[in-house]
Amino acid sequence: MRKLLKYNFLYRYLVIITLTISFITRIYLFLLLHSVWDEQTNKKWNKLLEELGKKYREKAENLGGVLIKVGQFLSTRTDFLPDVFIQELTGLVDHVPSMPFEYAEKILREDWGENIYEHVKYIKKQSVASASIGEVYYGILKNDQEVAIKVRRHRIEEVFHKDFVALRMVFWILKVFTNFGKKADLTALYHELVTVMERELDYGQELEFGKYFKRRYGDMENIHIPHFYEEQCTKRILVMEWIHGEKITDTAFFAEHHLNREQISKNLFDFYIDQFLNPGKFHADPHAGNILLREDGTVAIIDFGMIGEIKKQDTENFKLLIQGFIIDNYEIVIDALDKMNFLLPNANKKKIKEVLIDAVEMYSDVSLKNLDRQAINQVFDEISEIVKEQPIQLPADYAYLLRAISIVVGILYTINPEIDIVKWGKDEIKDWFGTKSIVESVTKQYVRRATDPLLSYPRALLNFLESGERDRVWDKEKNQIKMKHQYYLLLEVFSFIMVVVGTLISVYSYAIDEAAIRYTGWTIAVIFFVLLNILLLFHRRMIRKQNKKGV
């Protein structure tokens, strides 16, 4: 029954909407009950966010579909989600129960023809990896080449398109009843989400990305991009070279095969720094499972489903951004952020400029190696109090880029804790500018201040944008009244939706002739109809009371 419900539009819609409303309701209740924001309140707030993040992760793993992809996407949106919640999302495992082979076989027959063994000599029926969109199987081609065969999950496209409807309602609720609508362009964010997920559904697109990276980095001796077998690839099937290797973070594998950690970390650094600095596409999901280390020390990159892009204008704007930092000209910095579409139209540029100046002055004379992480986090927690009030939003590709940089840096330090990223990065940055005049044109003092923490600036900006909505200090009476009003509106909308849902369930029960479901549906509709009227009554009383006070 649960498997059938998993594909039912009404069931999925109800789960997603209810989850959203329950989250918002719990947050509003918390804010209403905690007018004084002290250390104890902050701990409770973080605990609540952690619980909500965990609940979302568990629900996503059980329901699959868009919830998993939304969680992964939003884990990159550090510009408006709280740290604690994001930490739970980053723990969202893109794994679901294995798909029965008969489902995969059905797709293989539909796309390859009735006899799949005209294309492969062997295919292992037990999958080697399961994800939200695809299932990966081990196979051998007719020419004895070992391959990984990725097959799109059963009815996943249908599930995604059903979830998109619920997702649109979720964004409407967020826009009307939360501050996200003021801080972020939710319409653009919705379209970004849908575009990203539609692209991941099409393995033909992933094939093109794989071929792109093969062309771009095929000459790198120490980096291996798998070969794709286009004859067997379709929109729902991807066939690529099988890679024998272990996760790049497997330290035992390094020791077993006597591999040079420093050289391998440098190879990986060179591969990704080129993508992060120069125009073109970049590997946006560089977690350890997608970076495999082979016995000879070469690094293989797999899974090109999540790809970002840096345009030529982006690199010029980013150069402008760094130049502004180097010469302490924050008008240039703000102009660059504006050109990069970080700032929404109603952003307070003067206040953002002041925040950036304060941020850089706090650590610009400190080497990246000597930074006190706790001190920096404390500084940026304070800075975020101002920044989060501003309409700042990362475009999707920048969000992916910052996330990818963060992941790669983490992997590099795992491989080689003694790594000196600053030393490696100096020459790369100079070459990236195309001339040394950008550095030589300023005084030696500026050079000293700029080059040491140069690569820490992107990381600092990442932390700077990472604090979400936590620790907000509300204007006492006015904002509490506003929250109460929104709280009533939220409950009224939720009650109305439940009346509609209950009625739809009852109507649906006539089609399947289930009296128990019919009774349940009408019960839900009646209960929430009564609740709706009670809420309207109390809401009107509250409004009249406030009008008398002149608030």
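Lys 349 is partly exposed in this predicted model, because its relative accessibility of 38% lies between the 20% and 50% limits. Its salt-bridge partner is Asp 338, with the closest N and O atoms 2.9 Å apart. The two residues are eleven positions apart in the chain, Lys 349 in helix α15 (residues 349-363) and Asp 338 in helix α14 (residues 330-339). Asp 338 also counts as partly exposed, at 29% relative accessibility.

Side chains of opposite charge can pair when their charged atoms come close. A count over the model gives 24 salt bridges. One of them joins Asp 303 and Lys 150, at 4.0 Å from N to O. Here 153 residues separate the partners: Asp 303 sits in the loop between β10 (299-301) and β11 (307-310), and Lys 150 belongs to strand β4 (residues 146-152). Asp 303 is partly exposed at 28% relative accessibility, whereas Lys 150 is buried at 16%. Salt bridges also link Lys 106, Glu 110, Asp 111 and Arg 236 into a network.

The axes of α10 (residues 203-217) and α12 (residues 261-277) come within 13 Å and cross at roughly 110°, so α10 is roughly perpendicular to α12. The crossing is right-handed. Phe 213, Arg 216 and Tyr 217 of α10 make the contact with Phe 271, Asp 274 and Gln 275 of α12. By class, these are three nonpolar, one polar and two charged residues. Arg 216 and Asp 274 form a salt bridge, their closest N and O atoms 3.1 Å apart. In the chain they are separated by 58 residues. Arg 216 is partly exposed, with a relative accessible area of 24%, and Asp 274 is partly exposed at 24%.

Methods. Residues numbered from 1 in each chain as written. Predicted model: local features only at pLDDT ≥ 70, side-chain atom pairs only at ≥ 80, totals over all residues. Heavy atoms only, no water. Axes fitted to C-alpha atoms, helices over the stretch in contact; angles between N-to-C directions. Helix = DSSP H or I, 4+ residues; strand = E, 2+ residues; numbered from the N terminus. Parallel < 35°, antiparallel > 145°, perpendicular 65-115°, else oblique. Left-handed = near helix turned anticlockwise from the far one by under 90°. Contact = heavy atoms within 4.5 Å. Nonpolar A, V, L, I, M, F, W, Y, C, P; charged D, E, K, R; others polar. Salt bridge = Lys/Arg side-chain N within 4 Å of Asp/Glu carboxyl O. Buried < 20%, exposed > 50% of the residue type's maximum accessible area, 1.4 Å probe, protein only.
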